[in-house]
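Here is a short briefing for a first look at a protein chain. Please view the sequence and the model before reading on.

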Amino acid sequence: MIACLFIPGFELRAALRDRPGLAVRPAALGPAAGEEPVLGSVTAAAEAAGVQPGMRMGEALSLCPELVLVEQDPAAAEHEWERLLQRLEDSGFAVESAAVGCVYFETSGIERLYGGLEPALKRALAAVGPVWDARIGAAERKFAALAAVNVARSGQVLIVSDRKTRDFLAPLPLTLLPVDPERREELEELGVRRLGQLAGLPGAAVAERLGPDGRRAWSLARGEKRGRVRARKVATELAERIEFPEAVANELTLRRALGVLLDRLLARPERGDRAMRKLALSAKLVGGGSWRRTVTLREATAARERLRIVLGPKLAELPAPITRLGLEVVELAQSVGRQLELVQAEGDELRSHLSEGLRQVRAGAGSGAVCSVVEVAPWSRIPEQRALLVPRDD
């Protein structure tokens, strides 16, 4: 079984950890600086007043004048999410984080430990804790697990058997499908608004009209695509931070603080002399909320000057003075060093560059971003049916 644990409105819940009184009042996550003025997640009280996520601020305030806008705190959300993932891992679950607030894990290796499927899933809910309002959906297929968790209520474990998957998916809306909004609107214009309606269409016609994305959506709606859980590698937390006695906005001071953070990280024995591939720079803003930027290096390195050159320009994007600056290593390179050769075999250099490029893409876009083309029906007259994209594991 594949299980999906979901926490609705996680970013808002994380931002309200220090202001629990707002959780029972009409409140919504405001837009970040420079973004379109639309709301993020909303509390139950705000939803009862007619406020919905994605609504423009002016419209929301006219519906609910007492609405409180909560500043985004991405650093706090990432920190709280990492703590929850570590709790699940401490309980024996190998997790794949799909997004902040949504995580997948397989239950086959943990059911015996807790005495069955349902007790194992309840143990996962207990590891997260009741304060987060989590729920779990489980099925033989990954998309069906995601659909189940969107139907489940707070604190509920919803299990969908394989033989009932297609019937379960049929009445659900198309919004669950991971397709572009344009494709979804095109389907709705054709009168297709439920997964069952999409599943009932001929696959060749869907592929011809909507292309590979439509074919994949059709396969998901029929409950055919299983999917895999790619558990993350548990790594030692490498993070440093500096607290300022007063708000700082001077770029020279910020760059010197960044240099101190780099020196501390490079001196950490847990790094094991490995190079850094992906880092996250975060800050606590003086007016409340936080700021966070993630940087994926083109080539993993542990050279202080190269890291400073890459991270330094990000400090200019700070929207306000800060009271805290933090630096975190998100991903380390696998090897400690590079062995040079006197004579390199033909093609080795190209393969080395390609491998490095694949690792960079995975670090920046996720493990499923690199795929291979596998021929399945080369005789087909429809191009989209001749081959499939299969995620690479190497």
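This is a predicted model: local features need pLDDT of at least 70, side-chain atom pairs count only at pLDDT 80 or more; totals for chains, interfaces and linings use all residues.

Residues are numbered from 1 along each chain as its sequence is written, and side-chain values use heavy atoms, leaving out hydrogens and water.

**Whole chain**
- The chain has 15 helices and 13 strands (DSSP runs numbered from the N terminus: H or I of at least four residues for helices, E of at least two for strands).
- Of its 394 residues, 40% count as buried (under 20% relative accessible area; exposed is over 50%, partly exposed in between, with a 1.4 Å probe and protein chains only).
- Among contacts (heavy atoms within 4.5 Å) between residues at least 6 apart in sequence, 60% join residues at least 24 apart.

**Negative patch**
- Asp180, Glu182, Glu185, Glu188, Glu189 and Asp213 form a patch of negative charge on the surface (residues with over 30% relative accessible area and no salt bridge, like charges joined within 9 Å; a salt bridge puts a side-chain nitrogen of Lys or Arg within 4 Å of a carboxyl oxygen of Asp or Glu).
- Helix α9 (residues 181–189) gives the largest share, 4 residues.
- Glu182 lies in helix α9. Glu182 counts as exposed because its relative accessibility is 52%.

**Val38**
- Val38 sits in the loop between β2 (27–29) and α2 (44–48).
- Its relative accessibility is 26%, so Val38 counts as partly exposed.
- Beyond residues up to four places away in sequence, Val38 touches Pro31, Gly54, Met55 and Arg56.
- Val38 and Gly54 are 16 residues apart along the chain, with 5.4 Å between their C-alpha atoms.

Notes. Patches are made of residues with over 30% relative accessible area and no salt bridge: like charges are joined within 9 Å, nonpolar side chains (Val, Leu, Ile, Met, Phe, Trp, Tyr) within 5 Å. Accessible areas come from the Shrake-Rupley method with a 1.4 Å probe; for residues, only the protein chains shown count as cover. Lys and Arg count as positive and Asp and Glu as negative; His and the chain ends are not counted. The place of a charge is taken as NZ of Lys, CZ of Arg, CG of Asp or CD of Glu.
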